[in-house]
Amino acid sequence: MWNFETEPVFRASLDWITRFVHEEIEPLDYLFPKDETYNTRNESLMSILNPLKRQVREAGFWACHLPPAMGGGGWGQLKLALMNEILGRSFFAPTVFGTAAPDTGNAEILAHFGTPAQKARYLKPLLDGDIVSCFSMTEPQGGADPRVFTCRADRVGDEWILRGEKWFSSNARWADFLIVMAITDPEVSIYKGASMFLVPVNTPGVEFVRNSGMAFEHAEHGAHAYLRFNDVKLGNADLLGQAGDAFRIAQTRLGGGRVHHAMRTVGLAKRVFEAICERVQSRSTQGETLSRKQLMQGAIADLWMEIEQFRLLVLQTAWKIDRFNDYAQVRQDIAAVKVLSERVMTRVAGQAIHLHGALGISNEMLFGEYLLWGYALGLADGPSEVHQMTVAKEALRQVAPTESLFPTAHVPSQVAALRSRYAEALKLPGHKRGWV
Ligand SMILES: Cc1cc2nc3c(=O)[nH]c(=O)nc-3n(C[C@H](O)[C@H](O)[C@H](O)COP(=O)(O)OP(=O)(O)OC[C@H]3O[C@@H](n4cnc5c(N)ncnc54)[C@H](O)[C@@H]3O)c2cc1C
């Protein structure tokens, strides 16, 4: 049975979240830059966010992605998709609801692989929203291909000595701790010889070379750190999971992270689409509103269809994750929505700029920021091409090559094979293909 309805009790929850996000959180995007959402030292912002977080907790919607044993709602991915598409409308909503990346993924791996002591030190304050964290994997010489990584941790007696550099480590400047991937066994492939370490940011030897920002951002506001580890001393207690586990751990967080970004992208794309609809109905040229022009209607129709197609694939992906409880079985779908996130967001934000004219491209609207964010979606957690390859490989795996000279759907070959099967029918009068 296929059913696209939302049960009434859950509908009421979504209605509460919709109203709350629209009235209380969306306005914050006009007041504070996007990356400030993680800045727990921004007193002005925190004085607004903390009471909002309290209201979310009281309403029972805090960290719904977590299982109940960890203080979350245990909603499953489909319900999360419906919630996240509302939260995605504002850059601040995921923080207010305790579902902001990369903290969600980091909490997930701490819950899976952390020791009781690590959970007490890092996971609890992270889940409570008291601290933020950073996932540090990409290096200056390459991100898409981990085989070029060189950052390493060498065992010396009871200690590990961490040396090397990491690049574009988001929120490191606000974080209490970093989760750092480092090579611990250079004799084997990095996929087997890398490990994850929990590194408090104030550990001696952790150097911030600089905080890079997104284009347009003032240098002071950058939140994507270029880090250098100068013989940082770590203990066995700082190792997350076992030595050599880094990629197993990374996979646990990236599957969920990618699909949650896609869910939120649906919401942001819809918010921008609504702005476009408002504008074309309000702005007149040559004696009529833009919305009366058929070329405009074509543009609106295309955007609506692209967003809805994307939304349905995201919802189906979420449903499959719940159904199979195994990210590996949903690999193709997750890769597809990851690729589409960039395409849909850049398309909608690009059209918003264009259809608002000079105002759209100005710093008086947020569309430029949304457009850049769309491109960021095509890089963060791996570039689109790598995920396109996953989609294609899975599709190709479903279909075997033919050993015949001509393809399976070659008409003369098929007719030759079918002639005896339909011999009696083909004797009867009727228009047939020339090959019969
Ligand atoms: C907003 C944002 C936040 C980020 N946050 C973090 C973070 O918190 N922690 C972290 O560790 N990293 C983070 N990253 C880094 C991100 O993971 C890398 O940017 C990404 O993996 C690509 O690596 P790269 O930038 O080195 O690009 P490269 O690896 O140099 O790739 C450049 C381009 O080459 C092409 N390309 C690469 N590989 C292939 C291929 N196999 N086939 C065809 N074409 C290919 C693609 O067009 C790609 O965009 C973040 C990035 C962004 C944009």
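Modeller: Let's begin with a term: a residue is near a molecule if its C-beta atom, placed from the backbone, lies within 6 Å of it. Keep in mind that this is a predicted model.

Biologist: Thanks! Which residues come nearest to the ligand?

Modeller: The shell around the ligand holds 20 residues, and Thr138, Gly143, Ala144, Ser170 and Pro383 come nearest. Two or more shell residues come from each of strand E1 (133–136), strand E3 (159–170) and helix H13 (384–397). With three residues, E3 gives the most.

Biologist: How do I read the make-up of that shell, and which domains supply it?

Modeller: Sort the residues by class: 10 are nonpolar, eight polar and two charged. As for domains, at least three shell residues come from domain 2 (133–244), and at least three from domain 3 (262–397).

Biologist: Now the interior. What should I look for in a nonpolar core?

Modeller: In soluble globular proteins, nonpolar side chains tend to be buried together. Here, 38% of the 436 residues in the chain are buried. The largest nonpolar core has 102 residues, and the members touching the most others are Leu162, Phe197, Val272, Met345, Val348 and Ala349. Helix H10 (residues 331–355) gives the most to this core, 13 residues.

Biologist: Which residues is Met345 in contact with, leaving aside its neighbours within four places in sequence?

Modeller: Thr265, Leu268, Ala269, Tyr370, Trp373, Gly374 and Leu377 are the contacts of Met345.

Biologist: And how does the chain look as a whole?

Modeller: Count 15 helices and 10 strands, in a C-alpha trace spanning about 90 × 65 × 45 Å along its principal axes. Of the contacts with a separation of 6 or more, 69% join residues 24 or more positions apart.

How values were computed
Residues are numbered from 1 along each chain as its sequence is written. This is a predicted model: local features need pLDDT of at least 70, side-chain atom pairs count only at pLDDT 80 or more; totals for chains, interfaces and linings use all residues. Helices (H or I, at least four residues) and strands (E, at least two) are DSSP runs, numbered from the N terminus. A residue is buried if 20 or more other C-beta atoms lie within 10 Å of its own, exposed if 12 or fewer, and partly exposed in between; C-beta atoms are placed from the backbone. Two residues are in contact if their C-beta atoms, placed from the backbone, lie within 7 Å. Ala, Val, Leu, Ile, Met, Phe, Trp, Tyr, Cys and Pro count as nonpolar, Asp, Glu, Lys and Arg as charged, and the others, Gly among them, as polar. Domain bounds come from an automatic or database domain assignment. A nonpolar core is a set of buried Ala, Val, Leu, Ile, Met, Phe, Trp, Tyr and Cys residues joined through C-beta atoms within 7 Å.
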